[in-house]
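Please look over the sequence and the fold shown here before reading the notes that follow.

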Amino acid sequence: FQEGFYTPTEARGEKYAVMADYSTAALWGPEAREAVLKHAPHAAPNIQITGNPEYDFLFDRSSNEQHLQREKKRAALQLPPQTRLCLLLLPNPYERYRSAIPLEQLAQYISSLDQTRLLVKWHPRESAAVIDQFRHLEKNGRVKHIVSGDIKELLPACDLCFVLDSSAGLD
């Protein structure tokens, strides 16, 4: 059980209470545990906190295989090894989130940092017209836009990831 937001609505509270009937509920993180216990305190013995093995592997920087994957992806993005990469996962439609994620300001700030690049991952359903409004940000070589591709391939190459409202990003 993993959910992006841990501020339960009444309907979510019912779902959390139902979880108390499970023999074991594997939750990702203490926030999820607290959300369930708020509505179903008797579920405490049934809750196990876990991680997401798929993503835990992605971020295991001690793994030689992971190091090679990271370097391969960074080379594909034409990034020098010392360059820090910030990934911004944008929700769809961007217009609805424009005030929460001021892309122009964020790109300007990241561009001012030495040896730092911003990788903007647009939602696959975002309109080309909206993306085109921001193509000028790529001119200085500090910002790159990506529409297609699996974020699981991008995440290990990045040093920082910004997420506001992306279920894939929250996973």
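**Briefing on the predicted model**

This is a predicted model, and everything below should be read as computed from it. At 31% relative accessibility, Arg 98 counts as partly exposed, and the salt bridge that Arg 98 forms with Glu 95 has its closest N and O atoms 2.5 Å apart. The structure holds 6 salt bridges in total and 0 disulfides.

**Salt bridges**

- The partner of Arg 98 in its salt bridge, Glu 95, is likewise placed in the partly exposed class, with a relative accessible area of 41%.
- Arg 135 and Asp 132 are joined by a salt bridge in which the closest N and O atoms lie 3.8 Å apart; Arg 135 is partly exposed at 33% relative accessibility, and Asp 132 is partly exposed at 48%.
- Between Glu 71 and Arg 70 the side chains meet in a salt bridge with an N to O distance of 4.0 Å, and here the two partners fall into separate classes, since Arg 70 is buried with a relative accessible area of 10% whereas Glu 71 is partly exposed with 28%.
- Arg 70 and Glu 71 also belong to a network of salt bridges that links them with Arg 74 and Asp 159.

**Val 130 and its surroundings**

- Val 130 sits in helix α7, which spans residues 128-132, and with a relative accessibility of 9% this valine counts as buried.
- Which residues does Val 130 touch once its neighbours within four places in sequence are left aside? The contacts are with Tyr 94, Glu 95 and Trp 122, and of these Glu 95 is the residue that also forms the salt bridge with Arg 98.
- Pro 93 is 37 residues from Val 130 along the chain, and the C-alpha atoms of the two are separated by 9.0 Å.

**Strand β3 and its partners**

- Strand β3, covering residues 84-89, is mostly covered, with 5 of its 6 residues buried.
- With strand β4 (residues 116-121), β3 pairs in the parallel sense over 6 bridges, and within this pairing Leu 118 of β4 is the bridge partner of Cys 86.
- With strand β6 (residues 160-163), β3 again pairs in the parallel sense, in this case over 4 bridges, and Leu 87 stands opposite Cys 161 of β6.

**Cysteines**

- A disulfide is a covalent bond between the sulfur atoms of two cysteines.
- The structure holds 0 disulfides, and Cys 86 is accordingly in none, the nearest cysteine sulfur being that of Cys 158 at 8.1 Å.
- Cys 86, whose bridge partner in β4 is Leu 118, is buried, with a relative accessible area of 6%.
- Cys 161, which stands opposite Leu 87, counts as partly exposed at 30% relative accessibility.

Notes:
Residues are numbered from 1 along each chain as its sequence is written. This is a predicted model: local features need pLDDT of at least 70, side-chain atom pairs count only at pLDDT 80 or more; totals for chains, interfaces and linings use all residues. Side-chain values use heavy atoms; hydrogens and water are left out. Buried means under 20% relative accessible area, exposed over 50%, partly exposed in between (1.4 Å probe, protein chains only). Helices (H or I, at least four residues) and strands (E, at least two) are DSSP runs, numbered from the N terminus. Contact means heavy atoms within 4.5 Å. Two strands pair if DSSP finds at least two bridges between them. A disulfide is a pair of cysteine sulfur atoms within 2.5 Å.
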